[in-house]
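Subject: Structure for your review

Dear colleague,

Please find below the structure that I am handing over to you.

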Amino acid sequence: MVKHYRPPGKKKEGNAARYITRSQAVKHLQVTLPLFRRLCILKGVFPREPKKKVKGNHHTYYHVKDVAFLQHEPLLEIFRDKRAYEKKIKKAESKKNPDLANRLRTRIPTYTLDRIIRERYPKFVDALRDLDDCLTMVHLFAALPALEREKLEVDRIHNCRRLSHEWQAYISRVHKLRKVFISVKGIYYQAEVEGQKVTWLTPHALQQVLPEDDVDFNVMLTFLEVYETLLTFANYHLYHSINVKYPPILDPRLEALASDLYALSRYIDANSRTSVVDPQAPTMSGSEQVETQNKGTQPDESDLRLAQLQYQLPLNEPGALMRLAEDVAGEDEEDEDTRECKKLFKSLKFFLSREVPRESLLFVIPAFGGVVSWEGEGAPFKEADQSITHQIVDRPSQGHKFLSREYVQPQWVYDCVNARIILPTENYLVGRVPPPHLSPFVDNEAEGYVPEYAETIKRLQAATRNEVLPLPGVGKEDLEDPQKLLVEGVIDRAEANEAAERKRKMTLEQNRYLDELKMEVDGLQSSSTGPNNKQTSKEMEAREESEPDIQRIAQDHANMSKVVMSRNKRKLYEAMEIGKKRKQANVNLLKERKKKMEAGQKFES
Amino acid sequence: MKNKEENKRMRNASNPQSEEEPLINEKPPLALLQKQHQRQLASASDSESDSDYEDFSEAGDSGQSLSESEASESGSSGDEGIANSDDNGLDDDHGQEDQSNSSELQQGVEESDSSEDEVAPRNTIGEVPLEWYKDEAHIGYDLAGKKIKKKERQDKLDSFLASADDSKNWLKIYDEYNDEEVEVTRKELRLVRRLLKGKAPHADFDPYAPYVDWFKWDDAKHPLSNAPEPKRRFIPSKWESKKVVKLVRAIRMGLIKFDKPKEEKRFYPLWGDDSSSTEKANHLAYIPAPKPKLPGHEESYNPSLEYIPTQEEINSYQLMYDEDRPKFIPRRYMSLRSIPAYDNGVKDIFERCLDLYLCPRVRKKRINIDPESLKPKLPSRKDLKPYPITCYLEYKGHQDAVMSISIEASGQWVASGSLDGTVRIWEVETGRCLRVWEIGEAVKCVAWNPLHELPILAVSAGQDVLLLNTGFGDEEEQKKIKEILHVETSKTPDDSGNKVPIVSWLQDDKHEGIRLRHFKTVSSVEWHRKGDYLSTVMPAGESRAVLIHQLSKKHTQRIPFKLHGLPVSAVFHPTRSIFFISTKKNVRVYDLWQQKFIKKLETGLREVSSIAVHPGGDNVIVGSKEGKLCWFDMDLSSQPYRILKCHPKDITNVAFHRSYPLFASCSDDCTAYVFHGMVYSDLNQNPLVVPLEILRGHTSSNGRGVMDCKFHPRQPWLFTAGADSVIKLYCH
């Protein structure tokens, strides 16, 4: 009998019944492969890895239930309709009936993906969790040119741009941005929305490089379809959580000036203010919004009602109540982080020169409580404004300078944001090479290597934390002199090293003493025999030789505990060791380079 | 009559059209410009007197050319001839235009203020790509067929400076065809502006002039047609109404569907109130895709200097395998503005998309633990003292590798056998060599009789096993020993007479002992605890490979069991009449008393090399040539209770201590491991095995390391015999 023989009439079991290959699935669904892929993308169905691959290793397997899930999708029917409809158009065209073809083209069956989004993400939190890729993609497409050959339509690009701006406006408004990192690939942002960390990448504001042939835009556009819908609804949800109507209606003047983000934030401000001032007015938003005046801003309606009862008398004027509500909301909603972020640039006023990446800074600075303007039309205030504290400049030298403000490079803003303190601007002034820009996503301690500048920042942070009320003289000096701090750090480390050295010597001494004691005892035991003494002296020599290799002893220890481990654990342990070693090697490489660099510098000086 | 009228109308209408014509023509814009200019001039000369008209000489020139051209093409179009008198200016320029169409290169010449006006085109190469002359020194040929030399090209800086100085520079256009610089006049400029706005080039041309109907309708005596108005002009069309009815019907029946107004996208709270949506997805559990890796310091646009690889390192990446090669090489940009566009932005995201929908997703348990926590918690080694730690003594004297050692029951003497053919006895405490026997053959194994009062040494060398009298003990004992070792000599020939024995017992006079002659090489000798029996193993002996000799009766017998595989060694149980025979794969346990097979211990090892039995008798350790040590608990199962992979090379021997909970293994890697092996009397508690110490000191020779290890019977001391011909004693 064959090993996998299944008698006729007996059902398949196990992996054979649970998984089918892709071609089987395609055949089963009676669709073409591209359509199948499209469906998979839309529905979020992915291949699985069965434990036992019944059909062989080189197949892709889908779960039977996943395929059934696709089969019951109404979209499948719509796609079939579309295909049939396409045939009609083709027929009309081949019969030289362009009128009919055009008329038919206007009525191609359409579909929406709302239901699918809802199905894939039953809760809003689920959607937030998966928002990373969505945001990255939407931001990328917002920066792409419309391409006819790739069916990249202008509408979609505009839609992406709008969505990305809406998202940024929200994040900026609620001060949820946490980390920013300028990499070679683009700018990474990390926000924390409803407890979820959402990270996305926006390309630099440059002409994007479009690869010629190795990118299939059809696939990306299908993904984009889902992502657009997802982000629309996510934005809708978020906007309503701060009582702002969605989709926003923007000031056409600002929109024309391509300062969408500013227009949006103005809109949000205005809208939320109006809703704060007269919340009872259902005129602007209709019943829908009243319904969805949700718990985001007014965390506890019962609380509110209670407060209402208490303040029965002044209730007559709505403003008072709302202030109350706002207070409650403000205290409850904002966690420690948000408050900190909100305060960071509180008293600062920024002005952007025209060469800095405006979009990014317009997003980041207000997100941390700063006021910002830029060079160009529609700007809230002009360059000549005396109250500007910082001007962001990215050019080799600045001609005319106002004495009342500091001219810093854009990196200063990002570094401040990541460090959550106002860094001294000295190193970032115009024309200087700024200090290294470090990734806020790296846990330096876990990585095992702390870059020099990270330590400096840490010290500065500690300094600001300690000095709640910084003395004007000393504190500032301390703050502004990272070099000095560094030197202190070095001294500290040297001291620690010395201590360690001392300790090691102590232990050595102790060991020697113990050995001598032991030898004495031995000597007493066998003092009668002559050769034994010689032996012991020889042995002592051997001992002395072996003393330096403490390493070997440590290795022995490690070996010995490894001996007792079971095989699985030992393998696991060894794998971990390899990983650790690799990591250590990386760290060592960095240290080596650093040392070389320092040596080189010394040599030069 | 009517015909004529229409003709006129047509003419009227065609005028602006003809003016537009050059736009459609494939001429360089400059030519067009110039043509317009000329036309303007012509019109100016007869109708309008422009105030800002500067260049009179030019006007004169063009006037000349005009007249000439007119002459050349008179009567080219009959239509024009009719209206010639009416609008002279227009016609004029029409003719002019035609002319320029026919010889389109004239304009440049006309434009230029030089005297060579009459020589119509400067360049005569025709409409060929100018690239053909790119590398030549000339730009073409004049009418005479001479080469027209290229002008000297100003270098960029000069031209830029010139342009900066010259305020009128923006009016200058370079004519590539004729290699000339042409300055646009104001009028031309005005023309261009008007054209750019999409107006007619002439300022005075009114495209929407009221139509003057020259036909006087009222004066006519007769109508054009005298037929009465037909009836159909007064009644509604039947067929139209039929068509309408048909359409109405079709609409009512729903055959015709109207276009729906395009629906705007609707937005609504998709998630509504989150708390209520507890519905579970009715499909499989969703495995979220792993998030992309977050960027590290090295991806920064301005990383710390130590993150940037040196040029050599970058070069060395070329030698790496593709998959090892770092995909991203950090670079430093001094300022934000100098970051270039990232080449792989779209591609990266596309690849991410592929990952999302093409990669199988599996939930994998990621173990995020400290590797140290994997290590089992061993009791502190200090608590397990005493055990041998350091080399205390060395016994030197052998010339070759020491193959085997044995300690006398009292623990005072050590016997050792070496490949140099000697057996030596050493005093344990001093390392003094007491006695030497020259066996003459490489000694494989030595074994003391376990009885204290019977200090006999069994030595296996080649095919012989020698039982030697060591000469210890008081006289009574000596006498007894001599008696034991003596009597057989006379008997053996008698025995050999009636049947061929497996082993012949011979008296060895030289060494004052017995020589047991086997038919194959003996690999090991083992005494029974009572000191009367001893077993020998001949690996090549097939069914008679394992023999048991009785000393008192001088009798030899083979074990009454079938052997499976090559025997490696055989051991007696320390307390009961049980016998262990280890073959290369397995260990078989027999009851000698009941002559019964008890158990098979499946080692799972490739090749067993040695075996030792715990003094309690319920635990066995087996060493193998792959460096693994198996601990069997006989009560538990036939599988090893614990496998310790300690040595990288062959284990040569294993040993249990007789009283301390210690065991040791020695191996060809020149080390010996000492373990704590506690066996509890409580049956519920499994034996505790703790590695204690790695003993080093021996050096390797011929690829062999430590050949044998034995514990001192009373002290926690370990003797090891090395292939470097040294015996070492390790003490606590």
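Predicted model: local features only at pLDDT ≥ 70, side-chain atom pairs only at ≥ 80, totals over all residues.

Residues are numbered from 1 along each chain as its sequence is written, chains are lettered from A and ligands numbered from 1 in the order in which they are written, and side-chain values use heavy atoms, with hydrogens and water left out.

Confidence

The predictor assigns the complex an ipTM of 0.77 and a pTM of 0.63. Within chain B, helix H9 (residues 238–253) has the highest confidence, at 95, and helix H4 (residues 78–83) the lowest, at a mean of 39; helices here are DSSP runs of H or I with at least four residues, strands are runs of E with at least two, and both are numbered from the N terminus. Over residues 39–119 of chain B, pLDDT stays under 50. The pLDDT is also below 50 over residues 489–498 of chain B.

The interface between chains B and A

Contact (heavy atoms within 4.5 Å) joins 92 residues of chain B to 114 residues of chain A. The buried area, meaning the accessible area (1.4 Å probe) that two parts lose on being put together, summed over both, is about 9500 Å² between the two chains, and carbon and sulfur atoms give 63% of it. On the chain B side, B:Trp271, B:Glu306 and B:Tyr357 lose the most area to chain A, together 10% of what that side buries.

The rule finds six salt bridges across this interface; a salt bridge is a side-chain nitrogen of Lys or Arg within 4 Å of a carboxyl oxygen of Asp or Glu. In one of them, B:Lys347 pairs with A:Asp214, with the closest N and O atoms 3.6 Å apart. B:Lys347 lies in helix H11 of chain B, and A:Asp214 in the loop between strand S5 (196–202) and helix H11 (217–241) of chain A. A:Asp214 is partly exposed at 38% relative accessible area, and B:Lys347 is partly exposed at 25% (buried means under 20%, exposed over 50%, partly exposed in between; 1.4 Å probe, protein chains only).

Salt bridges within chain A

Over all chains, the salt bridges number 39. A:Lys594 and A:Glu452 form one, with the closest N and O atoms 2.4 Å apart. This pair links helix H26 (residues 567–604) to helix H21 (residues 452–466) of chain A, the two residues being 142 apart. A:Lys594 is buried, at 14%, whereas A:Glu452 is partly exposed, at 35%. Another salt bridge joins A:Glu375 to A:Arg354 at 4.0 Å between the closest N and O atoms.

One residue of chain B

B:Leu485 belongs to helix H12 (residues 475–486) of chain B and is buried, with a relative accessible area of 3%. Beyond four places in sequence, the contacts of B:Leu485 include B:Ile456, B:Leu467, B:Gln507 and B:Ile514. Between B:Leu485 and B:Asp508 the C-alpha to C-alpha distance is 9.5 Å, at a separation of 23 residues in sequence.

Yours sincerely

Notes
pLDDT = per-residue confidence, 0-100.
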